[in-house]
Amino acid sequence: MKVYIRSTESISPQKTFLRNEIPENIIEYNTLLKNICPNFKEYFPPLLSRRINTLIKTGHVCAIETINKAGIEKPDAIITGSGLGCVASTEKFLNDMLKTNEGLLAPTSFIQSTSNAIGAQIALHYTCKGYNVLYAQKSLSFDCALQDALLRIKDNELVGGFDEITQENYLLKQNIGLYKKKPFPNLNMIKSNSTGSIAGEGASFFLLSDQLTDNNLAELMGVWITPSKLNNSEIADWIKFSIANVGLKPGDIDVIVSGFNGDIKTDRIYKDILVSGFSSSTHAYYKHLCGEYDAATAFGLWFSVMAVSNNCIPVHSLLSDKKRDYNKVLLYNQHDAKYHSLTLLQKPKS
Amino acid sequence: MNGRIYVSGIGVTSAIGDNVEQNLESLKSQSSGIGKIQILNSKHKDEYEAGEINYTNEELSEQIGISAKLKIPRTALLAIKAAKEACESAGLEGAEKQNTGLIGGTTVGGMDKTEKHYINPENDYSFIKSHSCGYITELIAENLNIKGYISTLNTACSSSTNSILTGARLIKHGIADRIIAGGFDSLSKFTLNGFKTLLILSPEKCKPFDRNRQGLNLGEGAGFVVLESEESLLKRGKQPICELTGYSNANDAYHQTASSPNGEGPYISMTKAMKLANFQPGDIDYINAHGTGTDNNDLSEGMAFKRIFDGGIPYFSSTKPYIGHTLGAAGGIEAVYSVLAIKENLIFPNLFFKNPIEELGFSPVKKLIDDITIKNVMSNSFGFGGNDSTLIFSKI
């Protein structure tokens with residue numbers, strides 16, 4: 001059975017929402033990359049808007065527009081992925097609790113600290129009583145959700161990935177070296193020669209269907225995940241082995257979209273393996289647009305779907321260009337040379 | 001694609017025992033593990049009782065052979081302890097264990113450690129990494145040398161029921177042939193204070209499905225089942241304990257925290273699970289209910305029972321009066337209890353129950369039943385966000 005991505009939306013630190021293309025002009029950041037949020041007032045009454053946290057609103061709005069674009073009444077299943085979920089609400093409840101020494105607390109931030117509040121909010125909106133789960137497996141969170149969707153539990157599946165970054169969370173992670181110690185422009189990410197990545201956030205949703213229609217954006221050919229610590233040649237072998245499952249070899253891949261994040265420790269992996277093992281493919285990257293976060297591969301998938309459906313990737317996101325049409329796109333991400341994920345897309349045949 | 005899913009191992013740690021055997025003894029002798037909070041250093045420890053495990057983190061570390069200096073979250077200590085037992089119970093070792101998948105379910109991951117260090121880290125920033133739900137699952141995999149598929153589900157209090165049904169689906173689709181699935185959560189100030197703000201903590205030991213129930217007691221622990229395909233069992237020459245015949249996930253789509261008055265989500269979840277197992281309501285011998293002891297949950301779940309089992313409500317009970325509501329661990333621990341019900345032909349009573357809820361007019365099991373054959377057991381878990389999940393275990 002073939003599975004198609006019929007629609008997608010992404011709210012990110014770039015002008016991506018409701019734009020249907022990878023932006024030509026990049027917004028520059030020097031520290032953390034924050035979402036460019038839509039006007040939430042257009043979606044929620046003011047009182048409600050003030051009560052719900054930003055990540056829930058962001059995910060909810062992104063889902064609404066994805067569903068609108070797909071032209072369906074409501075999804076049959078909601079499958080989401082997020083590394084840390086609602087960080088701001090968690091921090092608020094935690095700080096209030098600790099600073100008042102477990103004093104009198106309000107329930108709102110506790111209720112909204114639960115990661116699956118986004119999926120629940122969407123289910124409430126559409127009275128969607130079907131399958132509804134949230135994966136929280138760090139950098140594999142969204143990939144686990146997407147792989148689950150490929151098991152086809154329902155006809156129209158809404159799949160989403162999201163994470164948020166707060167100033168407080170940013171400083172904590174910077175402290176332990178996850179992010180760069182000094183301000184670093186996202187535009188220079190690929191030239192970085194220091195450790196630590198650049199911090200970001202975002203929400204991207206996709207409507208998956210097995211119906212062949214004229215407006216499908218891409219066919220989702222496969223998702224592969226491995227949590228094994230692999231060296232560079234093992235990674236290349238694993239990638240080749242994975243795509244061989246659908247009868248492809250490295251030369252068939254038109255473009256590889258990799259998870260470069262500016263951390264010199266692991267960016268070498270992408271360079272070494274991909275350039276040596278897939279030398280006839282065009283190479284692209286995307287985290288200079290969205291920053292690094294657990295569910296960043298959801299933005300990577302949005303980027304890849306745009307590449308296939310528009311047959312276009314702006315120069316700012318190309319590492320090398322073999323001037324091939326973007327018919328088959330392979331999205332690759334890893335974390336700590338462990339936790340590898342691959343997603344394969346192709347232009348749908350109509 | 002249509003292979004059967006078997007349970008080949010179980011592991012549990014809770015307020016009523018360190019392992020499966022001790023849990024079974026406590027269930028049989030009807031001894032509740034709910035009592036005074038002694039380990040969690042919360043300001044409210046004298047106001048509420050809980051199903052706390054009476055070991056310090058240092059003692060737990062020693063039990064599982066991990067250096068206490070590593071200061072890994074309590075949640076991970078409990079999880080490793082139960083997952084280890086599940087592997088041993090399934091006879092998994094060496095390369096077989098390595099090639100097994102692991103799926104965790106948890107609500108707040110490493111929160112117990114985070115809340116100790118958050119305001120004043122004193123140069124110990126390791127909580128930043130150990131905070132995330134997925135990290136706890138990684139720690140289990142690392143400690144038990146498990147190298148297969150890995151993931152973690154967080155759907156609040158139904159997390160580990162969903163991790164078990166995810167494991168079943170992955171096996172069914174041939175993505176894995178053996179998965180250790182379950183859940184874990186330790187007590188934390190965060191959840192104790194959180195549930196306090198919701199005004200659903202009981203001032204006394206909880207009594208699910210009782211007319212005068214006053215809320216829930218929190219608990220802590222971990223529970224796992226080892227799920228396996230027929231091919232994998234044959235290859236390893238192992239006998240399964242029982243079969244996982246039905247599983248389902250639905251959403252109530254009613255409210256972020258409350259359940260619908262007619263139990264719509266629970267109704268859909270139980271009905272779908274029975275359909276998958278190809279069972280009629282009369283086939284269910286026992287239901288291990290979600291039964292938290294809150295006004296809202298028990299009425300909603302009971303209404304769903306009423307709608308489904310109009311020909312007669314099967315034996316049912318909540319085992320939360322033994323161990324408290326263990327949140328992300330609940331589905332895993334209660335799956336183990338459901339497997340034990342089949343294996344031992346026992347129905348564990350719903351402790352502290354006195355009077356039925358008027359709108360329902362039926363009662364849970366009050367005394368241990370040990371003189372019937374149990375073929376099919378249903379286990380429910382529901383959570384915030386309208387998440388409702390059901391598992392059905394069956395005798396082979």
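Author: Chain B is divided into domain 1 (5–236) and domain 2 (247–394), with bounds that come from an automatic or database domain assignment. This is a predicted model, in which local features need pLDDT of at least 70 and side-chain atom pairs count only at pLDDT 80 or more, while totals for chains, interfaces and linings use all residues. Residues are numbered from 1 along each chain as its sequence is written, and chains are lettered from A and ligands numbered from 1 in the order in which they are written.

Taken over C-alpha atoms, the centres of domain 1 and domain 2 of chain B are 20 Å apart. Their contact involves 59 residues of domain 1 of chain B and 56 residues of domain 2 of chain B; two residues are in contact if their C-beta atoms, placed from the backbone, lie within 7 Å. On the domain 1 side, the elements of chain B that each supply at least two residues include β1 (5–13), α1 (20–28) and α8 (159–172). Helices (H or I, at least four residues) and strands (E, at least two) are DSSP runs, numbered from the N terminus. The largest share of that side, seven residues, is supplied by α8(B).

Ala253(B) sits in the loop between β9 (242–251) and α11 (264–277) of chain B, and Asn278(B) in the loop between α11 and β10 (286–288) of chain B. Ala253(B) counts as buried because it has 23 C-beta neighbours inside 10 Å, whereas Asn278(B) is exposed, with 9 other C-beta atoms within 10 Å. A residue is buried if 20 or more other C-beta atoms, placed from the backbone, lie within 10 Å of its own, exposed if 12 or fewer, and partly exposed in between.
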